[in-house]
Amino acid sequence: MKILHTADWHLGNVFHGYARIDEHRHFLSWLLDVLRLEQPDALVIAGDVFDSANPPAAAERLFYDFLLDATEAVHGLQIVVIAGNHDSAHRLEAPAELLRTHNVYVRGLIRRDAETDKTDFDHYILPLSLHTDSEACLTCLAVPYLRPSDYPGGLTPTEGLAWFIQNTCRAYAKSAFKSLPFIVAAHFYAAGADICADEHSERLVVGGQECVDAATLDCGAAYVALGHIHKAQHVAGGHTEMHYAGSVLPMSFSEKNYRHGINCLTVDSNGETALRRIDYQPLRGLISIPQKGAATPAEVFEAIDALPRRDKDDTGDDWPYLEIRVAENQPMPSLMHEVTEALSKRAVRFCRMVRQWPETTRQTGRPAHLNAIRQLTAQDIANEAFEAKYASKMPEALVQRLQTAIEAATTDTQD
């Protein structure tokens, strides 16, 4: 059986003020081409379909249009969708009964039996067949993102996930599909996974409190299809093959060197697997000036001059996103304006300028006695603050501008 594994689409994402609907449309068009070429039996989407619990209508329309197009592209294709931490489980499951008629199975909410109030673990056991047949030959245990209210109180995230997996496996062992190999689709932060530490684009809980021991899922599955972490990678977790498919687009500048794409998995009747990666090139890339560290203002303008110029009729569909990191040794109030002007004729989408100042351990020597402090003028305080931050004296031109502003403010107060 052939299965495509993808995750972390983040439909509806806005990147530094730029809506990304065209980028996601480009990815989904590419994915449809892959489906037509590979003719898989199932597509597993392991959470974070949307970027927020309340995605824009255009993002929802794109998602549901894709589901219909995908099931038409491969007759008999089954699609498994689980909710991630960015998704609203209620919203994702709202059209579940309608989607089921198109072989799309959504698992987001934790369903409980109305009479016993116990979790209905059978609900998360999904038999899958070849797209050319209707007889089940593999089972998917679909585990959505679990919140503390989804498992017994007092359990840690690792214990809560273990509790859910163990009970789902017990239900599976009693089901009519117990003799079939099975895979797991889940969405969580596995301990030891390589994460985006600089900008926290995965929205991890501070201190790693939701971090889970991946060995929890070493349950005999042929493969564990993971979502949540944006870097595609294998996760060490015992004998079970566990993989993050990674995000389909870079979600921060810290992810600019990530490889994007999907995993293609084949599972035979004995549960033996073969895995290969299918790479995807996003519509827009990311550029940093400089590539590492920070540049001087002169180096920044030199790098801007080397960027490609905008063509008159170019709509900018594939222009890369740009960030600039500049090292300043003194204030440059007009720098942002000058950079914006220089970029106005360049074929890039300017996102941000990160300004860095030199570190200093210089002691200010500010007098501690209250009367002495009261003797300080506004100019004295400004001079002291400038020297503490830039490790140099305030330029005379800036001194004059500040003095003019102080005199104007003093005159206004006296009037």
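Guide: In this predicted model, the side chains of N263 and R277 are joined by a polar contact of 2.9 Å.

Visitor: What makes the pairing of N263 and R277 a polar contact?

Guide: The pair of N or O atoms has to lie within 3.5 Å, and the value for N263 and R277 is 2.9 Å, so the pair meets that cut-off. The side chain of N263 also has a polar contact with the side chain of Y223, at 3.2 Å, and this value too is within 3.5 Å.

Visitor: Why is N263 called buried?

Guide: Its relative accessibility is 5%, and because buried means under 20%, N263 counts as buried. N263 lies in strand 13, which covers residues 260-267, and among the residues that N263 touches are I3, L4, H5, H243 and L275.

Visitor: Why do D8 and H16 receive the labels they have for accessibility?

Guide: D8 has a relative accessibility of 1%, so D8 counts as buried, the limit being under 20%. H16 stands at 35%, which falls between 20% and 50% and is therefore called partly exposed.

Visitor: What is the phi of D8, and what is the phi of H16?

Guide: D8, in the loop between strand 1 and strand 2, has a positive phi of about 55° although it is not a glycine. H16, found in the loop between strand 2 and strand 3, is likewise a residue other than glycine, and its phi is positive, near 50°.

Terms used:
Residues numbered from 1 in each chain as written. Predicted model: local features only at pLDDT ≥ 70, side-chain atom pairs only at ≥ 80, totals over all residues. Heavy atoms only, no water. Helix = DSSP H or I, 4+ residues; strand = E, 2+ residues; numbered from the N terminus. Buried < 20%, exposed > 50% of the residue type's maximum accessible area, 1.4 Å probe, protein only. Polar contact = N/O pair within 3.5 Å; in protein donor to acceptor, adjacent residues only side chain to side chain. Contact = heavy atoms within 4.5 Å. Lists of a residue's contacts leave out its neighbours within four places in sequence.
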